Amino acid sequence: MSKIVNDIRTGFFLDSVALMRISRTVAGLDGVEEAALMMGTPTNKNIMRDAGLLADEGEAASGGDLVLGVRADNDAAANAALAHASVLLTAPKTNSDGSTQWQPRSLRAAISNNPEANLALISVPGDFAAAEARKAIRRGLHTMIFSDNVPVADERALKEEARDLGVLVMGPDCGTAVVGGTPLAFANVLKQGNIGIIGASGTGIQEVSCLVDRFGGGISHAIGVGGRDLSEEIGGITTQMAIEAFEEDPATQQVILISKPPSASVTARIMEQIAASKKKYTVCLIGAASMKMPANAHQVTTLQDAASQTVFGSIQTSGDNDKDIPILPEGRKDFMGLFCGGTLSAEAQLIFQEGGISVSSNAPVPGVSRPESTRDLGSIIDLGADEFTRGRPHPMIDPTVREDVLTDALRQPELGLILIDVIIGHGAHDDPADSIVKCLATLDGERPIVIGSVTGTEGDPQIRSSQVAKLEAAGVKVASSNAEASRLAVTCLQRNN
Amino acid sequence: MEKIEHANELALERMLGGDPILVDVVPASNAIPELAQNMILHAGPPIEWERMCGPMRGAITGIAVFEGWARDLEDAEKLAANGTFEFHPNHHFDAVGPMTGMTTLSQPMMVVENRAFGNRAYCAINEGLGKVMRFGGNDAEVLNRLRWLRDEFGPALGKALRHIGGLPLKDLTARGLTMGDEMHQRNVGCSSLLMRALAPAFAETSTDAATLPRALAFLGGNDQFFLNIAMAMGKAIMDPVRDIEGSSVVTAMSRNGTDFGIRVSGTGDEWYTAPVEMPEGLYFPGFTDDDANPDMGDSTIVETIGLGGFAMAAAPAVAGFVGAGAASDAALTTHAMAEITITENPEWTIPALDYKGVPTGIDIRRVVETGLVPTINTGIAHKKPGIGQVGAGVVKAPMACFEAALRGLADRLNVS
């Protein structure tokens with residue numbers, strides 16, 4: 001037999017919606033058929049009566065009274081429900097922590113929330129990136145486009161319009177920039193200083209900037225221009241704007257330019273601009289032949305050399321090349337390079353070529369062939385290339401991409417040497433060294449030599465020295481840079497042949 | 001792009017330049033000369049009997065009996081089914097109506113005049129809460145009330161309004177916003193202010209000692225009385241914004257319980273429709289969301305002018321209908337609506353947001369771009385006719401309407 005109980009609170013007002021929420025909770029309690037808390041107006045009493053919730057006390061209530069009505073299976077359930085309702089009514093309100101902030105959904109709202117902003121970072125599917133970038137530049141924002149798969153015609157049009165508007169377009173396919181000390185996308189925590197970087201390569205910028213930092217120098221800004229900026233079709237628009245920007249920047253004394261070799265006409269234009277500059281330039285065109293440099297510029301061939309030329313005024317090699325050259329295990333003559341950084345894999349290939357070691361690659365520099373399969377020995381693989389990142393995260397973010405390939409490679413009986421890069425900093429995985437160590441731990445007995453480098457700084461969340469220590473404890477030979485690691489690998493292979 | 005921007009500038013100028021005054025109450029036959037026997041105006045975009053929801057059918061049969069076009073509800077249903085009645089949207093005749101929104105010859109219509117542009121808009125008088133025709137109620141009690149509104153209250157209200165020369169509505173609305181109203185779910189502030197403004201006039205123009213107390217009791221007893229006035233105000237403000245070539249501003253949003261329709265300035269009288277969504281809310285005791293009718297009414301004209309769900313930050317309690325229900329969530333809704341509107345209304349501001357103006361001028365481009373649709377505060381009817389309101393909550397406008405409208409506007413502007 002259902003039991004109806006009422007409780008009346010005189011002179012108690014609560015908004016109807018708040019009362020409805022409490023009603024819903026109470027109606028859901030064990031043994032409760034229906035419940036409502038309403039102010040005792042005639043209309044509300046009608047509603048409660050129709051719902052079978054009104055007893056004599058409720059009928060007698062007036063408009064200023066709060067009526068609690070419960071219909072339940074039995075007395076116990078009904079009274080328990082009323083008691084619970086009382087608790088809910090008088091419960092202290094948990095203070096919402098200054099309310100959740102509205103996250104802007106449009107550029108317009110974001111700008112009105114933050115009128116001082118002068119840079120937008122765009123990471124949307126390539127089909128839409130140009131449109132979003134156009135909105136940003138038209139609002140006077142410098143724009144970094146992380147997205148790739150943007151048509152080259154769109155890049156051209158965007159950069160021309162940006163040039164007219166006086167804003168920089170960094171990208172598309174720009175993975176790294178550091179502006180005013182702020183790391184953007186994949187970038188490292190660097191000391192501030194008077195060295196500027198202009199780079200058409202993300203990991204190239206990362207390697208050079210981290211080495212500058214380690215050598216005691218500091219970075220003013222690192223401008224990513226995107227992989228195609230120095231191509232014939234784009235003609236170096238952003239690069240030229242960056243050179244001009246550094247020209248006007250009193251904080252910048254020296255500039256490092258990093259790129260794969262541009263077309264002849266673009267190179268000529270850039271070098272002309274550099275020649276007219278008052279700043280000192282270090283030019284690193286990865287894989288380029290030696291060129292005539294103006295008086296204020298030096299050409300270097302590796303990323304490490306770019307850093308040491310700029311910081312020390314000369315190229316240095318670390319001493320560790322002659323002693324501790326590892327010896328390949330008996331009967332294992334082959335090698336593999338497994339890289340996350342495209343430019344680092346290119347640099348490695350060039351160093352192997354120079355050293356007379358035959359190499360193939362899925363992202364070949366001129367003169368290098370493609371392997372039959374990415375599991376082929378004698379290849380240097382860029383695991384961040386498109387064929388690996390379709391529908392999968394980049395190996396810098398998700399080390400499992402490399403783990404599968406590395407685990408297989410380690411089991412190849414002819415494999416004597418593996419060359420890797422380890423890139424840390426913002427955007428990268430929390431603990432890339434751990435991934436390598438895990439793979440190595442699955443091996444018993446004889447195994448290939450593993451040589452690598454760690455691109456990063458002490459200021460990075462992962463802490464470079466801590467990553468190096470982990471790797472060395474697992475038997476990895478950690479060189480001081482990607483170039484050093486590649487040279488060490490070459491020497492090792494030369495000596496064993 | 002520039003053409004659209006200029007067109008929208010003009011649209012906003014007209015919207016914000018409106019001067020709505022509640023001037024009179026007149027029979028619908030006077031207000032809308034096109035009305036005739038067997039002609040019924042309803043809420044929402046055009047719809048046929050076969051696709052009408054329960055409450056809409058309930059209201060139609062009820063109003064047919066009220067007007068004497070049918071003997072009883074059963075007879076009315078037969079006549080409706082055999083095509084005797086002509087159905088049209090209120091919007092096509094300068095009118096709006098909440099929920100089922102019935103407008104017929106003898107209904108007393110409140111008149112709002114937009115003195116800046118000279119146009120007028122009409123809405124019937126709010127019947128009160130509970131079993132009423134706007135929720136599909138159609139029994140004797142409902143019809144008797146309609147008779148009383150037609151014969152006694154309507155004319156009395158009209159006299160009082162004429163006596164004071166009309167009641168300006170913009171300032172009254174601004175005051176209501178500072179009192180916790182958002183003019184869709186919450187109207188008690190404005191309804192009270194209206195009563196204060198009109199009570200002396202009612203008293204002065206009353207010729208019958210019995211009428212006055214009944215009129216004042218009715219006015220004073222209905223927290224939602226102002227809703228219908230806010231709706232007519234919305235229509236009066238938006239009508240001059242129609243037909244601006246190239247404008248992407250929404251001039252009307254409306255539902256008939258089956259379809260949700262929007263109209264856009266640059267596409268004229270075209271309705272862009274999609275199925276209505278179900279409200280999410282809280283229910284009176286004895287009811288659950290199984291009992292709910294889909295979204296219905298012309299009252300979304302209120303959101304169209306930046307009130308209702310758009311001004312939710314002024315009425316934090318209403319946020320309690322959805323999810324965790326923190327009052328602070330109300331501000332988030334207003335911020336979200338700011339993403340899809342062109343500007344803020346400097347005359348209608350929300351104290352809790354440091355006097356930020358209500359988000360005004362829904363831009364269909366922004367709706368599609370951000371993926372944010374207008375948020376609407378609404379009452380929930382029982383899906384069966386004649387039962388009445390079962391709850392209240394929040395509902396979203398369907399994105400499909402805005403996508404279709406954007407394509408329509410692009411066609412008009414010859415943009416692919």
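Q: Is Cys210(A) buried or exposed?
A: In this predicted model, the relative accessible area of Cys210(A) comes to 1%. Since a residue counts as buried when that value is under 20%, Cys210(A) is buried.

Q: How many disulfides does the structure hold over all chains?
A: A disulfide requires two cysteine sulfur atoms within 2.5 Å. For Cys210(A), the closest cysteine sulfur is that of Cys340(A), at 14 Å, which is too far for a bond. Cys492(A), for its part, is buried with a relative accessible area of 0%. Over all chains, the number of disulfides is zero.

Q: Are H3(B) and H4(B) roughly parallel or roughly perpendicular to each other?
A: Helix H3 (residues 54-66) and helix H4 (residues 73-81) of chain B have axes that come within 8 Å and cross at roughly 110°. Because angles of 65 to 115 degrees count as roughly perpendicular, the relation of H3(B) to H4(B) is roughly perpendicular.

Q: Which residues in H4(B) meet H3(B)?
A: H3(B) passes H4(B) in a right-handed crossing, and from H3(B) the residues taking part are Thr61(B), Gly62(B), Ala64(B) and Val65(B). By class, this contact has four nonpolar, two polar and one charged residues. On the side of H4(B), the residues are Leu73(B), Ala76(B) and Glu77(B).

Q: How far apart in space are Gly393(B) and Pro279(B), C-alpha to C-alpha?
A: Gly393(B) lies in strand S16 (residues 389-396) of chain B and is buried, with a relative accessible area of 0%. Beyond its neighbours within four places in sequence, Gly393(B) is in contact with residues including Glu280(B) and Gly281(B). Although Gly393(B) and Pro279(B) are 114 residues apart in sequence, their C-alpha to C-alpha distance is 5.9 Å.

Key
Residues are numbered from 1 along each chain as its sequence is written. Chains are lettered from A and ligands numbered from 1 in the order in which they are written. This is a predicted model: local features need pLDDT of at least 70, side-chain atom pairs count only at pLDDT 80 or more; totals for chains, interfaces and linings use all residues. Side-chain values use heavy atoms; hydrogens and water are left out. Helices (H or I, at least four residues) and strands (E, at least two) are DSSP runs, numbered from the N terminus. Buried means under 20% relative accessible area, exposed over 50%, partly exposed in between (1.4 Å probe, protein chains only). Contact means heavy atoms within 4.5 Å. Axes are lines fitted to C-alpha atoms, for helices over the stretch in contact, and angles run from 0 to 180 degrees between N-to-C directions. Angles under 35 degrees count as roughly parallel, over 145 as roughly antiparallel, 65 to 115 as roughly perpendicular and the rest as oblique. A crossing is left-handed if the near helix is turned anticlockwise from the far one by less than a right angle, and right-handed if clockwise. Ala, Val, Leu, Ile, Met, Phe, Trp, Tyr, Cys and Pro count as nonpolar, Asp, Glu, Lys and Arg as charged, and the others, Gly among them, as polar.
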